[in-house]
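Student: I would like to go through this model and ask what stands behind each label.
Tutor: Go ahead.

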Amino acid sequence: MPKNSKVVKRDLDDDVTESVKDLLSNEDTCDDAFKKSSLIVSNVREDKDRDIEEGSLSDEERPAWNSKLQYILAQVGFSVGLGNVWRFPYLCQKNGGGAYLVPYLILLILIGIPLFFLELAVGQRIRRGSIGVWNYVSPHLGGIGFASCMVCFFVALYYNVIIAWSLFYFSQSFQQPLPWHECPLVKNKTNTYVEPECEKSSATTFYWYRVALDISDSIADSEGLNWRMSVCLLAAWTMVCLAMIKGIQSSGKVMYFSSLFPYVVLICFLVRSLLLTGSVDGIRHMFTPKLEIMLEAKVWREAATQVFFALGLGFGGVIAFSSFNKRDNNCHFDAVLVSFINFFTSVLATLVVFAVLGFKANIMNAKCITLNAKKIVGFLGNEISPDLIPPHIDLSNVSAEDYTQMIEIIRGVKESDFSHLGLDSCSIEDELNKAVQGTGLAFIAFTEAMTHFPASPFWSVMFFLMLVNLGLGSMFGTIEGIITPLVDTFKVRKELLTVGCCVLAFSIGLLFVQRSGNYFVAMFDDYSATLPLLVVVILENVAVAWVYGMDKFFEDLKDMLGFSPFRFYYYMWKYITPLVLLVLLMASVIQLGMTPPTYSAWIEELAQERSRSYPTWGLAMCVSLVVMALLPVPVVLALRYFNLLDESAGGFSSVSYKKARIIKDSAAPDDDNASLIHGKSPCSEAPSPVPGNNIYRKQSAGLDAEITPNGRYGIGYLMANMPDMPESDL
């Protein structure tokens, strides 16, 4: 037998018959060495995790999860990220409150779960990273895997910067009072005054922009590195590198903490916030449905986008994690479970955010009432008659209801002159309608609310430690989406590749810790992932449903799961999901075309954000991010189409995986050379006494057999690395 022969399971058909003929053409079937080989046939796998032949593990043995719980926590940690905490609540507030949950759930069922199930299935079936999987399904679409790796790398660059910001705030939280509790004072020779930039904005806003980021006024003004953030970024990449250096063997253990700790913090925050004054106002505001908004197309587009990114589709992390599973794992159950865990996590985070924002709104409303009551006292006897003030109202201690009544009376009497008084309405609803998201929610609004908590440093430490863990969970999946495909494809050492990737990413990441770095984070967030990921997932769906074929894919699923999935998925994958994704892609392109690229710049003199257009080089950079992410798809397609990649000639050929079909346990003709794999030999016509489902060849020690790592799961493979072996379907 050829030394590189491997154990492979394949469908018995004409193509495989020819492959077996090629494989055995040079064998002397009566040779002693050939007679020493024995055929093992079994109906039942007594030990799924036992190697086919003890002591003969291949160097290429694929690692596996220690337990199903560890795998689920890894998938949950990857899919549940910062977006669940600071993006979903904003969308819920902006798009109709509780009514937003209806389109979100519908789209989760229509595109979220089917696509998540698809990625889990192909990763588990083929047991490769994203590059190997899509090259295996269709070599002409092999660029999909490289595009996923590019997107993962772009996202990892700026996502770890957010973890660095959280680490900085975490390190500053061990103080009483918190450093962003109040505006700093500036002293000179004559007097002491409040920092003007802080006085015009707020203490938490000033701390974020001036102390933490030390931000410049424009993306063109880099003004050097922010050394504190540079140190935090180094710490963030060091944590990621140490956790990922051994692959899932090291990161899997970290998952127990990084995936579960955020839930502990969210539940603690929910219980604590519900005991605060005004928290019920925030939750009531969240669940008050605005049904008229739900009918707008923009709401459905934003819900589809959130579903798409919440599950981490297209990044390759889902495929990479799934590839370390056993072949008979029920990935359909995993897809449904993780998707709904993700959804309920978003709802839990939204409850916490709105409860805290309700508490903050009551505090801000009380301050507004106190300030305007003092104005009214100053107007009494001049602009405002004392008779307009109801006798039961004490202007030194005005409640929200009394203030509303008083303002309505003054507005009714003064009418056109009311605006000149400069009195605010001071409504809790107005405060809650001030929609904030992303860094504005985490580092400004939430931090401001926590300054009013009893024992505020403790809650601040917990909150930013939660953000660090949420970020790390997503980073592990993102980095796995880069490392696993490259290790599978180019056979490099995982430790060296992981360290090299982290060092390179940190070096490039210094771009984001300049004084203008926040603007580059916004640029990468807007342009490096949205369009490329949509295109990638559309191509993944098309590759499986239309290139490979739904009928064959369903056969593979039945063989893998032990049952045929619901027919619902057939129609989703083939028709509904691609159509919905195409509509979403067109809507995203139209939106980008209608809104020219801009970014929000912080103007120090005004202490406000202002929208600015990107410079010419900035526009070129935005376009380059999209082009670079998608470029591998047409490049690989062109190289395959014009036969510029010779699969028998080394080099890039390592990207291609030889293909085979599943062996069916059907009887073969006696004169068919393929009968060898059914227990027959031309030297002995006696059939194998024990017919079975799982078949693989066990070589005697003298034949230097190379056992595939998949064999440890009882899945038989017989694959020869023959340069002329034809490519076939999965």
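Student: Which residues touch the most other members of the largest nonpolar core?
Tutor: This is a predicted model. The largest nonpolar core has 185 residues, and Trp-134, Trp-237 and Phe-269 touch the most other members. Helix H8, residues 143–171, gives the most to this core, with 19 residues.

Student: Which residues does Trp-237 touch, not counting those up to four places away in sequence?
Tutor: Trp-237 touches Ala-156, Asn-160, Met-475, Ile-479, Cys-502, Ala-505 and Phe-506. A touch here is a contact, that is, heavy atoms within 4.5 Å.

Student: What does the second, separate core include?
Tutor: The second core has 19 residues, including Ile-384, Ile-393, Met-406 and Ile-410.

Student: Why is the aromatic pair of Tyr-169 and Phe-464 called tilted?
Tutor: A search of the whole structure finds 54 aromatic pairs. In the pair of Tyr-169 and Phe-464, the rings are 5.1 Å centre to centre, with 35° between the planes. Ring centres within 6.5 Å make a pair; planes under 30 degrees apart count as stacked and over 60 as edge-to-face, with the rest tilted. The angle of 35° falls in the rest, so this pair is tilted.

Student: Which parts of the chain does this pair link?
Tutor: Distant ones: Tyr-169 is in helix H8 and Phe-464 in helix H22 (residues 456–490), 295 residues apart. Both Tyr-169 and Phe-464 are buried.

Student: What makes Arg-567 count as a charge over the ring of Phe-554?
Tutor: The charged end of Arg-567 is 5.7 Å from the ring centre of Phe-554. The criterion asks for CZ of Arg within 6 Å of the ring centre and within 35 degrees of the ring normal, so the distance of 5.7 Å meets the distance part. Arg-567 also lies over the face of Tyr-570, at 4.0 Å from the ring centre.

Student: Why is Ser-396 called exposed?
Tutor: Ser-396 has a relative accessible area of 66%. Exposed means over 50%, so Ser-396 qualifies. Ser-396 is found in the loop between helix H17 (331–379) and helix H18 (400–414). Ser-396 and Ala-373 are 23 residues apart in sequence and 7.6 Å apart in space, C-alpha to C-alpha.

Student: How many residues of the chain count as buried?
Tutor: Of the 730 residues, 55% do; buried means under 20% relative accessible area. The chain has 28 helices and eight strands, and it exposes about 30800 Å², with carbon and sulfur atoms supplying 60% of that area.

Technical notes
Residues are numbered from 1 along each chain as its sequence is written. This is a predicted model: local features need pLDDT of at least 70, side-chain atom pairs count only at pLDDT 80 or more; totals for chains, interfaces and linings use all residues. Side-chain values use heavy atoms; hydrogens and water are left out. A nonpolar core is a set of buried Ala, Val, Leu, Ile, Met, Phe, Trp, Tyr and Cys residues joined through side-chain atoms within 4.5 Å. Buried means under 20% relative accessible area, exposed over 50%, partly exposed in between (1.4 Å probe, protein chains only). Helices (H or I, at least four residues) and strands (E, at least two) are DSSP runs, numbered from the N terminus. Rings of Phe, Tyr and Trp (its six-membered ring) pair if their centres lie within 6.5 Å; planes under 30 degrees apart count as stacked, over 60 as edge-to-face and the rest as tilted. Accessible areas come from the Shrake-Rupley method with a 1.4 Å probe; for residues, only the protein chains shown count as cover.
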